[in-house]
Amino acid sequence: MANPKRRHSTIRQNTRRSQWKLSKPGLTPCPRCKKPKLPHFMCPNCGYYNGKEIVNMEKKKENKDKKDKKDKKEKKENKKKK
């Protein structure tokens, strides 16, 4: 197996690594609510994709609120037990 003959300097190492970077995601505006979203993905704001409702966001918010209330209640009960 081949081994390097000499050590690479830090400058050479850093110049090589400078090309290894992330690019910005190509966001497109949602045709329904005009908020930015990833192409070919459901809009996280309104829950629509390709003109069809995929997720009912109002129902999702209600479920999240119920869960948050339940979690807060459990935390209070745990504090009282201690």
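Select Lys37 and show what surrounds it: beyond its neighbours within four places in sequence, Lys37 is in contact with Gly26, Leu27, Thr28, Cys30, Pro31, Cys43 and Pro44. Contact here means heavy atoms within 4.5 Å.

Before moving on, note that this is a predicted model, where local features need pLDDT of at least 70, side-chain atom pairs count only at pLDDT 80 or more, and totals for chains, interfaces and linings use all residues. Residues are numbered from 1 along each chain as its sequence is written, and side-chain values use heavy atoms, with hydrogens and water left out.

**Stay on Lys37.** Lys37 sits in strand S2 (residues 36-37). Helices (H or I, at least four residues) and strands (E, at least two) are DSSP runs, numbered from the N terminus. Is Lys37 buried or exposed? Lys37 is buried, yet it has no salt bridge. Buried means under 20% relative accessible area, exposed over 50%, and partly exposed in between (1.4 Å probe, protein chains only). A salt bridge needs a side-chain nitrogen of Lys or Arg within 4 Å of a carboxyl oxygen of Asp or Glu. For charge, Lys and Arg count as positive and Asp and Glu as negative; His and the chain ends are not counted.

**Select Phe41.** The side chain of Lys37 reaches the backbone oxygen of Phe41 at 3.2 Å.

Together with Phe41, they form a nonpolar patch on the surface, with about 290 Å² of accessible area. Patch members have over 30% relative accessible area and no salt bridge; like charges are joined within 9 Å, nonpolar side chains (Val, Leu, Ile, Met, Phe, Trp, Tyr) within 5 Å. Areas come from the Shrake-Rupley method with a 1.4 Å probe; for residues, only the protein chains shown count as cover. Leu27 lies in the loop between helix H1 (10-17) and strand S1 (28-29). Leu27 counts as partly exposed because its relative accessibility is 49%.

**Next, two backbone angles.** Most residues other than glycine have a negative phi. Select His40, in the loop between S2 and strand S3 (48-49). His40 is not a glycine, but its phi is positive, about 65°. His40 is exposed, at 68% relative accessible area. Then go to Asn50, in the loop between S3 and strand S4 (52-53). Its phi is also positive, near 55°.

**Finish at Met1.** Met1 is in the segment before H1. The C-alpha atoms of Met1 and Lys64 are separated by 57 Å.

Terms used
A polar contact is a pair of N or O atoms within 3.5 Å; within protein, one must be able to donate a hydrogen and the other to accept it, and residues adjacent in sequence count only if both atoms are side-chain atoms.
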